[in-house]
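Keep the structure open while reading.

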Amino acid sequence: MTLAGALVSRRHPSWIDAFCDYTDGVGAPLIFRRWSAISAIAGAMERKTWVRSRNSNLYPNMYNVLVGAPGVGKTMSLAPTERLWVGLPDHCTAPTSLTKASLIDALHDAKRRIIRPGLTPPYVEFNSLLVLAGELGVLLPAYDSDFMNALTAIYDGYTYAERRRTKDLKITIEAPQLNILGATTPSFVNAFLPEGAWDQGFLSRTMLIYSGEKILPPLFDDTDRDESIFKSLLSDLKRIGDLYGRYEFTQDAGAAVSAWHQAGGPPAPDHPKLTHYITRRTAHVLKLCMVAAASESDDLVITLRHYQTALGWLLECEA
């Protein structure tokens, strides 16, 4: 255990457990708070860590959306992650309201250069933007195919380019990355998605985390949360954000994830709308493996336990 803060090393087995403990009592389901923590780590890691899969780098960026009825604690789950993201040095957060053009502009401005003295390469450059949408409808008021296609292309991390006729402007982003954490209601999802949207790339790359659980916190609880705990969480998240390099699987972890993949990822969802999502479940698990490992240690090693934790998170939100 090499994380910086005593919060994780002495009281909790992982940073995510510490985050969930810190947010206990806010009136939000555990699954929402857990995925908010997962998003916090994925955002901190940016394009600085990866696994090799199918001859390319797979980064831990995610599009995660909490789905629940009004008043179930979605906003309370997102708030700590927003505060943590803002506290990360040099990480770039997006404005609240975005059009496709303003999102691309913000991502274009979110240039990151990581200096690595004495190492090869001596520096790396990429564009990374953290997007928090407390109301998904503010970010995506309507299903715009052009916007969805842009989000799909950026998620995969390949060069993104567009030309705007109105300004005779060509924008090229060589190494883009977005992390999105949002929240919405089931009714918005149903109204937002047109026929055929489930066959498009955006939804296969998006984790929809649903909970119907409603938790009522004490009405007159004036207890302030321990600010020292938040500072420890932020300290450790900064340490996670400094990690750089390729994650390697231990032999048993690599064998387990490979066997699961070759078997078709059991138990796999069988809903016809999830056909395209199913093809990306292995990629989701690999991303979650990196998050699980970073939550416990600075070592760029994914163990069998990390894989089992990651698979558990995936299956929990598919249930």
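Cys317 is buried, with a relative accessible area of 11%. In this predicted model, the sulfur of Cys317 lies 14 Å from the closest cysteine sulfur, that of Cys289. That is too far for a bond.

**Cysteines**
- The whole structure contains 0 disulfides.
- Cys20 takes part in no disulfide; its nearest cysteine sulfur belongs to Cys317, 14 Å away.
- Cys20 is buried, at a relative accessible area of 9%.

**Salt bridge Glu316–Arg34**
- The structure has 14 salt bridges.
- One of them pairs Glu316 with Arg34, with 2.9 Å between the closest N and O atoms.
- This pair links distant parts of the chain, 282 residues apart.
- Glu316 sits in helix H14 (residues 304-318), and Arg34 in helix H3 (residues 30-45).
- Glu316 is partly exposed, with a relative accessible area of 32%.
- Arg34 counts as buried, at 16% relative accessibility, because the cut-off for buried is under 20%.

**Network around Glu46**
- Salt bridges link Glu46, Lys48 and Arg112 in a network.
- Between Glu46 and Lys48, the closest N and O atoms are 2.6 Å apart.
- Between Glu46 and Arg112, the closest N and O atoms are 2.9 Å apart.
- Glu46 is buried, with a relative accessible area of 0%.
- Lys48 is buried too.
- Arg112 counts as buried, at 8% relative accessibility.

Definitions and conventions. Residues numbered from 1 in each chain as written. Predicted model: local features only at pLDDT ≥ 70, side-chain atom pairs only at ≥ 80, totals over all residues. Heavy atoms only, no water. Disulfide = S-S within 2.5 Å. Buried < 20%, exposed > 50% of the residue type's maximum accessible area, 1.4 Å probe, protein only. Salt bridge = Lys/Arg side-chain N within 4 Å of Asp/Glu carboxyl O. Helix = DSSP H or I, 4+ residues; strand = E, 2+ residues; numbered from the N terminus.
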